[in-house]
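Keep the sequence and the 3D view open as you read.

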Amino acid sequence: MLKEARKQSGVSWNKKRCMIVADPPIWENIIKSFPRAKKFQKKSFPLFDALGELYDGHIAQGTWNITSRQLPQEWNTISNEEEQMNTTRMDEEGIIQQQPQEEDSRLEQDEDPIIERTEQRSTATRRSTASTINQDKEAKRMKKDSLEGLVGRYLDLKSKQVEDEVTQMAKGKEFAQGNDFSIMRCISVLRSMNVIADEKIKAAEVFDIPNNRETFISFSVDEPETALLWLRRKIDKL
């Protein structure tokens, strides 16, 4: 059909776009001769050259070389009813087939099957590629989230461990200080009190006894005045 349309006067072929180029009046004449060519007025046909190489030499010649929808003179005996119901076309091997006019009308509206299948395969390929990319991204995101979760839990565990160790050390230090009844600590506490040098010397003798040291430190924690009073009484007994 397109091959015959290209032979019309005033028709040219755009190789880059694979389309017939013609003025509107010429297109009207082409569509009158080839109604199904209407869809190629604004639609390219990239397989034209490939199909030409495939089918050239197989087109009907001689008696069967019919390029028009007008019936040959010898077929005028066909009844008007049959002429309205059927149209005649020549296929690539020269076999005449008859199809109802409704089928021809439906074929005019359909997309070219080869182009349609190609577009379907391209769409399926794009969808498959997009799906694979999305799956890879999702796997990487899940792996990253998992790693970040592990690191976060590890840091929380270490932080709690350090806090526990600091608390334990503080409690140990407090406990050690609370149980420190050494002479050095007693003298250190005594320096903070209002005592004379003679009392400090005698207090050293009092602190020779472990129980005295413990009593003095215990009083000095909350009642430093009581601790000093107790110490002076011990000094007076020396």
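## Helix packing and salt bridges

Across the whole structure, a search finds six salt bridges. The model is a predicted one. Side chains of opposite charge can pair when their charged atoms come close. The points below take some of these pairs in turn, then move to helix contacts.

- Arg141 pairs with Glu138 in a salt bridge, and their closest N and O atoms are 2.5 Å apart.
- Both residues sit in helix 6, which covers residues 113–178. Arg141 and Glu138 are three residues apart, or about one turn of the helix.
- Arg141 has 42% relative accessibility, so it counts as partly exposed.
- Glu138 has 35% relative accessibility, so it too counts as partly exposed.
- The pairing extends to another residue: Glu138, Arg141 and Asp145 are linked in a network of salt bridges.

- Asp198 and Lys202 join their side chains in a salt bridge, at 3.5 Å from N to O.
- Asp198 and Lys202 are both in helix 8, four residues apart, which is about one turn of the helix.
- Asp198 is partly exposed, at 40% relative accessibility.
- Lys202 is partly exposed as well, with a relative accessible area of 34%.

**A salt bridge between Lys7 and Glu4**

- The side chains of Lys7 and Glu4 form a salt bridge, at 3.4 Å from N to O.
- Are these two residues buried or exposed? Lys7 is exposed, because its relative accessible area of 57% is over 50%.
- Glu4 is partly exposed, with a relative accessible area of 24%.

**A buried charged residue**

- Glu199 lies in helix 8, which runs over residues 197–206.
- Why does Glu199 count as buried? Its relative accessibility is 18%, and buried means under 20%.
- Which residues does Glu199 touch, leaving aside its neighbours within four places in sequence? Glu199 is in contact with Arg232 and Ile235.

**Helix 9 against helix 10**

- Helix 9 spans residues 210–222, and helix 10 spans residues 224–236.
- Their axes are 6 Å apart, and the helices pack at an angle of about 150°. Angles over 145 degrees count as roughly antiparallel, so helix 9 is roughly antiparallel to helix 10.
- On the helix 9 side, the contact uses Asn212, Thr215, Phe216, Phe219, Ser220 and Asp222. They meet Pro224, Thr226, Ala227, Trp230, Leu231 and Lys234 in helix 10.
- What classes of residue make up this contact of helix 9 with helix 10? Six are nonpolar, four are polar and two are charged.

**Helix 7 against helix 9**

- Helix 7 covers residues 183–191, and its axis comes within 10 Å of the axis of helix 9.
- The two axes cross at roughly 40°. Helix 7 and helix 9 are therefore oblique to each other.
- Helix 7 passes helix 9 in a left-handed crossing.
- Helix 7 brings Ile183, Arg185, Cys186, Val189 and Leu190 to the contact. Helix 9 meets them with Arg213, Phe216, Ile217 and Ser220.
- This contact of helix 7 with helix 9 holds six nonpolar, one polar and two charged residues.
- Phe216 and Ser220 of helix 9 meet residues of helix 7, and Phe216 and Ser220 also meet residues of helix 10.

Technical notes: Residues are numbered from 1 along each chain as its sequence is written. This is a predicted model: local features need pLDDT of at least 70, side-chain atom pairs count only at pLDDT 80 or more; totals for chains, interfaces and linings use all residues. Side-chain values use heavy atoms; hydrogens and water are left out. Axes are lines fitted to C-alpha atoms, for helices over the stretch in contact, and angles run from 0 to 180 degrees between N-to-C directions. Helices (H or I, at least four residues) and strands (E, at least two) are DSSP runs, numbered from the N terminus. Angles under 35 degrees count as roughly parallel, over 145 as roughly antiparallel, 65 to 115 as roughly perpendicular and the rest as oblique. Contact means heavy atoms within 4.5 Å. Ala, Val, Leu, Ile, Met, Phe, Trp, Tyr, Cys and Pro count as nonpolar, Asp, Glu, Lys and Arg as charged, and the others, Gly among them, as polar. A crossing is left-handed if the near helix is turned anticlockwise from the far one by less than a right angle, and right-handed if clockwise. Buried means under 20% relative accessible area, exposed over 50%, partly exposed in between (1.4 Å probe, protein chains only). A salt bridge is a side-chain nitrogen of Lys or Arg within 4 Å of a carboxyl oxygen of Asp or Glu.
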